[in-house]
Amino acid sequence: MSKLKIRVDQDKCQGHARCKSLAPELFELDDYGNAHEIGDGSVPDGLEDKAWLAQTNCPEIAIEVTEE
Amino acid sequence: MSDSESANFVPEHPAVTDWVNDFDHTDPTWTEDPFPIWEELRAASPVVHTERFLGCYMPTTYQAVKEIAYDTEHFSSRRVIVRDVRPDITARAPPITSDPPEHKPAKQVLLPPFTPDAMKKLEPRVRAICNELIDEFIADGRCDAAARYTKHIPVRAIAHMLGIPEKDGDLFIKWIHQILELGIKDDNQLMSGVREMTGYFMAHLEQRKLEPGDDLISTLMQAKGPDGRPLSDEHVLGSLRLLLIAGIDTTWSALGSSLWHLAKTPADRERLLAEPALIPTAIEEFLRAYSPVTMAREVMKETTISGCPVKSGNMVLLSFPAANRDPAMFPDADKVVIDRKENRHAAFGLGIHRCVGSNLARMEMTVAIEEWLKRIPDFRLDPASKVTWSEGTVRGPRQLPMLFGKNTSKNA
């Protein structure tokens, strides 16, 4: 299975924080509540479903999930 | 109550017979059950228009609502309530009434106090508030959940954050009713609510100038604007107005609708009792299906939305609740699916005006439902009484009579 990578588009994120709530292992929030991928955005094995869950619940469609 | 500057203008709203060309979100039919109306409007066009409210559009699809929410060039937020009159703008409430470029710095000031981490610190107090309220009525075996429970939780929580007495809550509720409901049709009510609220907060500002605290009012007073100087009193008062107005009957409504749904849907109630970990997911679905808040924009420049021409001078009824019922966006949009996996609902808005208090609202709703279910696992609507709904900009139950305990009557 290919590895997933996530990225939060900072121009689109409005801080709904849905990703942080659904996948706290993959996203962190800054002081303003805007979301960022943790580290380089590589999704550890076993967390693929959470990455997709976060992606499909972001109201601003700010999360990109790519397969490496 | 007299206000010499504004006429006491309370125009009639004739009953609507043609929803597509003459919609009115204050019509009693809409207030009672807006969902079939939205379906009819959506089937007619992505954008409909009414001559009421001095001319107003309504986007009916998720796509059209999104286009408008993202388009700050053609649509201004300077007026965020669709009303019968459009008096000069005097009482601003930044950042909700701000457009770019003023919007961003005004919002940045408010964001840190409302992050999920900040809400975690407030959570124990909210849990205690919920239990204090339940203690007051649980022995009665019944209650009006809107009057005794859902109303008080957001009031007391925001009072706690602002550092003002929780017991002043009844005053806040009166002002909000004047501004958001009576104010749509009666300018005097609106001005009176705004004036009293401003006077109240001014006194708290003066007090904190002498003795700063660590509450949200003090935080705002110590915040710096984009020019590096403290925010003006007027700006601080406007933002406080916003926090009070936006932070109370919105969550009151969302929470009331959630309990209303659970009272009449035993299967969902039983599932949440058995699987409390599902509560946050269920709350997202309640927020989608019963979104309380409809915003407004003012058309500044002619443009096209979802292929429909939109002319300046009109208002826009920006119905996030209708967007959230669009079947093109949500499969089974009219069904409440408490374990809905994919849910990009727009209950807190889309784009730069995303509700600053969304993390607060979510925490309050989660805690309030958790505590209610722990203490009152079985409840139902009281068949002898009526559920009533608020009119206009924010929709939720204002009277929500409930009976507690297992239903032992055979035919209920």
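Mentor: What follows begins with the sheet and then turns to the elements and the core around it. The model is a predicted one, and the description should be read with that in mind.

The sheet belongs to chain B, where 5 strands are arranged in the order E1-E2-E8-E5-E3. This sheet is open, and its pairing is mixed. At its edges stand E1 and strand E3 (75-76) of chain B, each of which has a single partner strand, so one side of each lacks a neighbour in the sheet. In general, the strands of a sheet pair through backbone hydrogen bonds, either parallel or antiparallel. For E3(B), the partner is strand E5 (residues 295-299) of chain B; the two run antiparallel and are joined by 2 bridges. Within this pairing, B:Phe75 has B:Val299 in E5(B) as its bridge partner.

Helix H4 (residues 62-70) of chain B packs on the sheet. H4 of chain B touches E1, E2, E3, E5 and strand E8 (315-318) of chain B, and its direction makes about 125° with that of E8(B).

Helix H3 (residues 35-44) of chain B also bears on this region. Its buried residues pack against strand E1 (47-50) and strand E2 (56-59) of chain B, as well as against helix H1 (19-22), helix H2 (28-32) and helix H15 (320-323) of that chain. The buried residues in H3(B) include B:Ile37, B:Trp38, B:Leu41 and B:Arg42. Seen down the axis of H3(B), the buried residues fall within an arc of 130°, so they line one face of the helix. On the other side of H3(B), B:Pro36 and B:Ala43 are exposed.

Apart from its neighbours within four places in sequence, B:Val316 is in contact with B:Cys56, B:Tyr57, B:Ile68, B:Phe75, B:Ala296, B:Arg297 and B:Val299.

In soluble globular proteins, nonpolar side chains tend to be buried together. Here the largest nonpolar core has 114 residues, and B:Val316 is one of those with the most contacts inside it, together with B:Val65, B:Ile158, B:Ala296 and B:Leu318. Helix H12 (residues 233-264) of chain B supplies the largest share of this core, 16 residues. A second, separate core has 17 residues, among them A:Cys19, A:Cys58, A:Ala62 and A:Ile63.

Technical notes: Residues are numbered from 1 along each chain as its sequence is written. Chains are lettered from A and ligands numbered from 1 in the order in which they are written. This is a predicted model: local features need pLDDT of at least 70, side-chain atom pairs count only at pLDDT 80 or more; totals for chains, interfaces and linings use all residues. A nonpolar core is a set of buried Ala, Val, Leu, Ile, Met, Phe, Trp, Tyr and Cys residues joined through C-beta atoms within 7 Å. A residue is buried if 20 or more other C-beta atoms lie within 10 Å of its own, exposed if 12 or fewer, and partly exposed in between; C-beta atoms are placed from the backbone. Helices (H or I, at least four residues) and strands (E, at least two) are DSSP runs, numbered from the N terminus. Two residues are in contact if their C-beta atoms, placed from the backbone, lie within 7 Å. The arc is that of the directions from the helix axis to the C-beta atoms. Two strands pair if DSSP finds at least two bridges between them. Axes are lines fitted to C-alpha atoms, for helices over the stretch in contact, and angles run from 0 to 180 degrees between N-to-C directions.
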